[in-house]
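User: Could you take me through the salt bridges here, with the criteria behind each term?

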There are 2 protein chains.
Amino acid sequence: MVEGDVISTIAGHPFNQIQFTGERYPLAEVRLLAPMLPSKVIAIGRNYAEHAKELGNEVPEEPLIFMKPSTSVVGHGDAIAYPTSQSERVDFEGELAVVIGRLCREVPAERAKDVIFGYTCANDVTARDLQKKDVQFTRAKGFDTFCPIGPWIETDLDASDLALTTTVNGEIRQSGRTSQLINDIPALVAYVSAVMTLIPGDVILTGTPAGVGPMEIGDEVSVGIEGIGTLTNKVVSRD
Amino acid sequence: MVEGDVISTIAGHPFNQIQFTGERYPLAEVRLLAPMLPSKVIAIGRNYAEHAKELGNEVPEEPLIFMKPSTSVVGHGDAIAYPTSQSERVDFEGELAVVIGRLCREVPAERAKDVIFGYTCANDVTARDLQKKDVQFTRAKGFDTFCPIGPWIETDLDASDLALTTTVNGEIRQSGRTSQLINDIPALVAYVSAVMTLIPGDVILTGTPAGVGPMEIGDEVSVGIEGIGTLTNKVVSRD
């Protein structure tokens with residue numbers, strides 16, 4: 001648990017009653033892992049109108065869902081490994097991530113808040129050339145390290161109108177607000193849970209605003225969300 | 001472990017040295033669960049030429065990969081729940097499933113056999129109407145119970161030329177051979193593991209032969225593969 005600049009460690013997972021171990025560390029001295037080990041990451045495509053337009057896509061009638069494998073998840077400060085032998089265009093996509101806290105299915109939108117544990121930042125890293133080639137998104141978005149999530153989970157937050165900013169080497173590239181989501185968070189929880197059971201630690205990525213673009217090896221990419229914090233990762237060559 | 005008509009229970013998972021508990025039961029008296037809890041199920045589209053043709057698709061240049069969530073996995077004898085309020089056309093797709101036995105990435109095709117634990121039968125259940133509508137396959141193939149796998153894992157088998165038969169209420173609907181795979185099993189392991197790390201228990205579904213078609217509530221669907229056994233599931237209404 002993070003309070004100010006101090007981390008207090010807890011025993012086990014955070015989804016029920018929290019037990020502190022009594023150990024405390026300065027935040028600056030610890031390496032943060034991804035704040036959950038999701039059984040699945042469900043992501044939403046084209047959920048900001050301006051982003052759908054910039055890639056030449058229509059806004060879909062219903063939420064467009066796809067999956068990223070759990071093996072793509074890394075944490076704050078971890079490297080994004082650019083698969084240079086397989087792709088020539090790897091993009092950042094800053095997103096608000098919803099972390100599920102309860103086993104649930106068929107959750108009505110008005111009860112979505114009961115199953116949400118909290119919120120964090122995510123980068124839905126995408127090999128844009130492979131996404132165009134395959135049509136199915138799985139390969140393009142499924143490489144190891146292509147789902148940085150963190151730095152931690154904010155559990156006490158109204159996420160309906162937060163500023164989201166993505167920077168590359170400190171330059172602002174994406175700047176949106178979660179109030180621009182075409183399908184809002186309760187609608188997404190209802191839609192996804194009507195298809196598949198959600199498990200504590202599962203993550204829903206809510207889509208990316210306009211401004212997506214390429215990352216190069218050596219770049220430092222940050223996704224910052226108001227009220228949560230900033231997720232920063234450096235791009236390295238995998239090969 | 002199954003030998004003839006007798007099941008011997010083992011302690012823990014089967015991926016390393018097996019420890020028998022000493023308990024034995026007649027096969028006919030036990031309910032078989034899915035033989036693994038996969039962290040991910042990677043499936044291959046259009047990997048038999050005749051099946052690609054029957055749905056009006058070209059054979060892709062490279063393997064077409066997509067994912068089914070772990071929450072869609074059920075075992076032999078479990079019900080397939082037809083989501084009648086969301087789909088009007090749910091199809092069976094009988095497939096050979098490859099079960100991974102070792103943590104691995106970037107496995108060369110010639111070493112694929114070293115990371116394969118065994119083989120089993122699977123039904124890649126698909127809401128065909130939603131697949132057409134969404135383009136992305138995730139929703140159509142991701143409903144709870146849409147990935148029956150079993151009845152067990154056959155660990156001692158040459159899977160390169162096995163007969164695969166799918167029946168609905170005893171009538172043969174699909175009849176293929178794994179020798180017809182466009183991308184063979186070693187090629188699939190190499191291709192998938194070049195993108196994402198595979199974990200013991202992960203499953204690769206190798207694609208379905210021609211003959212896919214709809215299931216109705218009350219139908220009993222069986223996928224039988226030579227040298228493995230038969231996976232049988234009944235279709236019930238979810239709603």
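What follows is a short exchange on salt bridges and their surroundings.

Analyst: This is a predicted model, in which local features need pLDDT of at least 70 and side-chain atom pairs count only at pLDDT 80 or more, while totals for chains, interfaces and linings use all residues. Residues are numbered from 1 along each chain as its sequence is written, and side-chain values use heavy atoms, with hydrogens and water left out.

User: How many salt bridges does the structure hold over all chains?

Analyst: A salt bridge is a side-chain nitrogen of Lys or Arg within 4 Å of a carboxyl oxygen of Asp or Glu. Counted over all chains, the number of salt bridges is 36.

User: Lys40(A) forms a salt bridge with which residue?

Analyst: The closest N and O atoms of Lys40(A) and its partner are 2.9 Å apart. Lys40(A) sits in the loop between strand 3 (19–26) and strand 4 (41–45) of chain A, and the partner lies 162 residues apart from it, in the loop between helix 5 (185–195) and strand 15 (203–205); helices (H or I, at least four residues) and strands (E, at least two) are DSSP runs, numbered from the N terminus. The partner is Asp202(A).

User: Are Arg128(A) and Asp91(A) buried or exposed?

Analyst: These residues form a salt bridge with the closest N and O atoms 3.0 Å apart, linking helix 3 (residues 128–134) to strand 8 (residues 90–92) of chain A. Buried means under 20% relative accessible area and exposed over 50%, with partly exposed in between (1.4 Å probe, protein chains only). Arg128(A) and Asp91(A) are both buried.

Definitions and conventions
Chains are lettered from A and ligands numbered from 1 in the order in which they are written.
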